[in-house]
Each structure stands twice: as C-alpha cells, then as structure tokens.
Amino acid sequence: MSATNHSTNSEVNNSLNIYGSQMASRLLIGTALYPSPDIMKESVIATGSQIITLSLKRQAPETNGGEQIWQYIQTLSNEHQLKLLPNTAGCKTAKEAINLAYMSRELFGTDWLKLEVIGDDYNLQPDAIELVAAAKQLVADGFKVLPYCTDDLVLCQRLYDLGCEVIMPWASPIGTGKGLLNRYNLETIRARLPQSTLIIDAGIGKPSDASLAMEMGFDGVLLNSAVALAQQPVAMATAFKLAVEAGRIAYCAGLMPERQTAQASTPTLATPFWHQADS
C-alpha cells in the first residue's frame with residue numbers, strides 16, 4: 001500500500017471529535033416525530049449513530065407522556081451505549097435556555113448541550129443575540145455547548161471564539177427538507193474555521209444532501225425529520241448511514257476539480273488501432 005493511500009485511509013477512518021470524545025459514526029440522530037417508539041429505536045440503531053438528541057421542553061414530563069419518552073430514550077441509550085445530547089428546542093430567550101440547560105444537566109448527568117434559542121416562529125431561525133448570550137454563560141459554567149445557528153460566518157466565528165468547539169449551522173430551516181440552500185456560505189464557514197468541528201444541523205431532506213455536506217468537508221450531520229417522516233424510517237436510516245460514510249470517503253479521497261470545458265477521458269493519440277489519416 002502506498003503512503004498516499006495509507007494517509008487517505010487514516011483520514012477516512014478517524015473519528016468524530018466532540019469535545020474530546022471520539023465517535024466512530026459521523027451521523028447524529030434525533031428521537032422525535034417517529035410513528036412509534038419501536039420504529040424510533042430500530043431507526044436509531046440502523047443509523048449506526050452514537051449520539052441521539054432529546055428535546056427537554058417539547059417532551060416535558062408533565063405533557064403527553066413525556067416522562068415515559070425520556071425513560072424510553074434513556075433505556076435505549078444505556079442498552080446501546082449511546083451518548084445523550086439534550087437540546088433546548090422551543091426556548092426563545094437566553095435565560096430560558098440557560099435554565100433548561102441546568103435542568104438537563106441534573107436530569108441526565110451530562111454537560112453536553114445542543115443549544116437552541118429561536119427568534120422566529122415561522123422559520124425557526126435562531127436569535128443570534130440571545131444565542132451568543134446563552135452560549136457565553138453556559139461555556140463559563142462548564143457546559144460543552146453545541147450551538148444550532150444559521151450559515152452566518154460572523155455568528156459562527158463569534159460562537160467559536162466564545163469556546164464552542166463544535167458549531168452546527170443549518171443547511172436550511174428546520175424540518176423543511178430543502179437541503180443545502182447556500183453552499184457558498186457553508187463552504188466559507190468550513191474554510192474559515194478549520195479547527196472547529198462543524199456539523200450540519202437542520203434542513204437535510206435526502207441522503208444525497210448529507211453526502212454533499214460531507215463531501216464539502218463538514219465533520220458530521222445531525223438530522224431527525226428526514227428519517228422519522230420517511231415512508232419507511234428504518235430503511236431511510238440505513239440510507240443516511242451509507243450516504244454520510246460515502247461523502248466522508250469521497251472528501252478524503254479528494255474530488256476532481258471542476259472544469260469549464262469538456263476534456264476527453266481517453267486521449268486520441270496513442271489509442272490502440274488509431275491510424276492517422278493520409279495527408
């Protein structure tokens with residue numbers, strides 16, 4: 001095996017780094033919206049993911065059997081050695097998100113937190129000002145913050161400078177399935193934050209979206225609706241697992257450069273059985 005191939009294989013096989021924890025899978029999966037708890041369990045297992053998200057506010061124990069859902073997810077986590085990533089979905093202010101973060105640390109015994117502070121009810125776009133305020137406080141209090149944000153370079157840079165080692169820009173608004181709407185912004189974030197762990201969060205609709213994100217050099221993909229709302233969630237979970245793996249391998253292999261003009265893959269000269277026309 002050549003040195004180049006060995007280096008490429010090493011890059012492909014290296015793990016996803018989340019605040020010093022190494023994860024073999026680069027796909028993170030949510031636990032909401034599934035037709036049933038059993039289908040959710042099968043889908044999570046099919047993804048091969050080692051990190052599952054849990055919404056504290058939307059699955060509160062006093063509403064809709066939320067406590068049973070929490071217990072079910074915790075059991076799933078323990079049985080399959082999955083890392084819980086509680087999130088603050090539904091919070092609209094820094095204070096609200098911070099209070100929920102403290103509760104999550106007490107309930108689940110983890111300082112990992114997917115931080116969401118929503119500023120608009122229509123497209124669920126994060127409130128950048130409240131998000132930064134919450135991140136600053138939570139990082140100071142020892143949380144390992146994974147902030148959900150837009151594809152805004154300045155915002156991502158600010159969050160990274162505050163101590164958020166993992167940044168999670170959206171591909172498009174939550175649950176829309178529109179895929180990567182602004183590749184330029186995402187590519188710029190990747191180029192300008194080379195030391196950050198970047199995970200695409202929200203808007204992924206199909207496996208090819210996830211593969212494209214990985215081909216662009218993102219470190220991972222977090223999704224929920226694209227699997228949970230599929231006609232066959234377990235099969236779709238498998239498709240996303242393979243898509244993320246394929247995209248990572250392609251990125252590490254090195255994509256060919258795009259060209260403005262066509263170029264024949266087989267040269268005319270030196271082609272077997274080719275004879276130059278008589279002059």
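Modeller: We'll go from the overall picture to single residues.

Biologist: What kind of model is this, and how are residues numbered?

Modeller: This is a predicted model, with local features needing pLDDT of at least 70, side-chain atom pairs counted only at pLDDT 80 or more, and totals for chains, interfaces and linings using all residues. Residues are numbered from 1 along each chain as its sequence is written, and side-chain values use heavy atoms, with hydrogens and water left out.

Biologist: What is the mean pLDDT?

Modeller: The mean is 87, and 86% of the residues reach 70 or more. pLDDT is the predictor's confidence in each residue, from 0 to 100.

Biologist: Where does pLDDT stay under 50?

Modeller: Over residues 1-8. The model has four contacts for that stretch beyond four places in sequence. Contact means heavy atoms within 4.5 Å. Where pLDDT is low, the predicted coordinates should not be read in detail.

Biologist: OK. How many helices and strands?

Modeller: The protein has 10 helices and 10 strands. Both are DSSP runs numbered from the N terminus: helices are H or I with at least four residues, strands are E with at least two.

Biologist: How much of the protein is buried?

Modeller: Buried residues make up 44% of the 279 residues. Buried means under 20% relative accessible area, exposed means over 50%, and partly exposed is in between (1.4 Å probe, protein chains only).

Biologist: And what share of contacts joins residues at least 24 apart?

Modeller: 65%, among contacts between residues at least 6 apart in sequence.

Biologist: Switching to rings. How many aromatic pairs?

Modeller: One. Y102 and F143 form a tilted pair, 6.0 Å centre to centre with 40° between the planes. Rings of Phe, Tyr and Trp (its six-membered ring) pair if their centres lie within 6.5 Å; planes under 30 degrees apart count as stacked, over 60 as edge-to-face and the rest as tilted.

Biologist: Where do Y102 and F143 sit in the chain?

Modeller: Y102 is in helix α4 (residues 94-108). F143 is in the loop between α5 (128-140) and β7 (144-149). They are 41 residues apart, so the pair links distant parts of the chain.

Biologist: Is F143 buried or exposed?

Modeller: F143 counts as buried because its relative accessible area is 4%. Y102 counts as partly exposed because its relative accessibility is 32%.

Biologist: What lies over the face of F143?

Modeller: R105, at 3.9 Å from the ring centre. There is also K114, whose charged end sits over the ring of Y148, 5.9 Å from its centre. A charge sits over a ring if NZ of Lys or CZ of Arg is within 6 Å of the ring centre and within 35 degrees of the ring normal.

Biologist: Now S25. Where is it?

Modeller: S25 is in the loop between β2 (21-23) and β3 (27-29). At 14% relative accessibility, S25 counts as buried. Its side chain reaches the backbone nitrogen of L27 at 3.2 Å. Leaving out residues up to four places away in sequence, S25 touches L16, T47, G48, S49 and Q50.

Biologist: What do the buried residues of α8 pack against?

Modeller: They pack against β9 (197-201), β10 (220-223) and α10 (233-253). Helix α8 covers residues 207-215, and its buried residues include D209, A210 and S211.

Biologist: What is S211 in contact with?

Modeller: A243, A246 and G247, leaving aside neighbours within four places in sequence. S211 has 12% relative accessibility.

Biologist: Last topic: which residue with a positive phi follows α8?

Modeller: G217, with phi near 100°. Most residues other than glycine have a negative phi. L33 has a positive value, near 75°, and lies in the loop between β3 and α2 (37-47). A202 has a positive phi as well, near 90°, in the loop between β9 and α8.

Biologist: Is L33 buried or exposed?

Modeller: L33 is exposed, at 52% relative accessibility. A202 is buried, at 9%.

Terms used
Polar contact = N/O pair within 3.5 Å; in protein donor to acceptor, adjacent residues only side chain to side chain.
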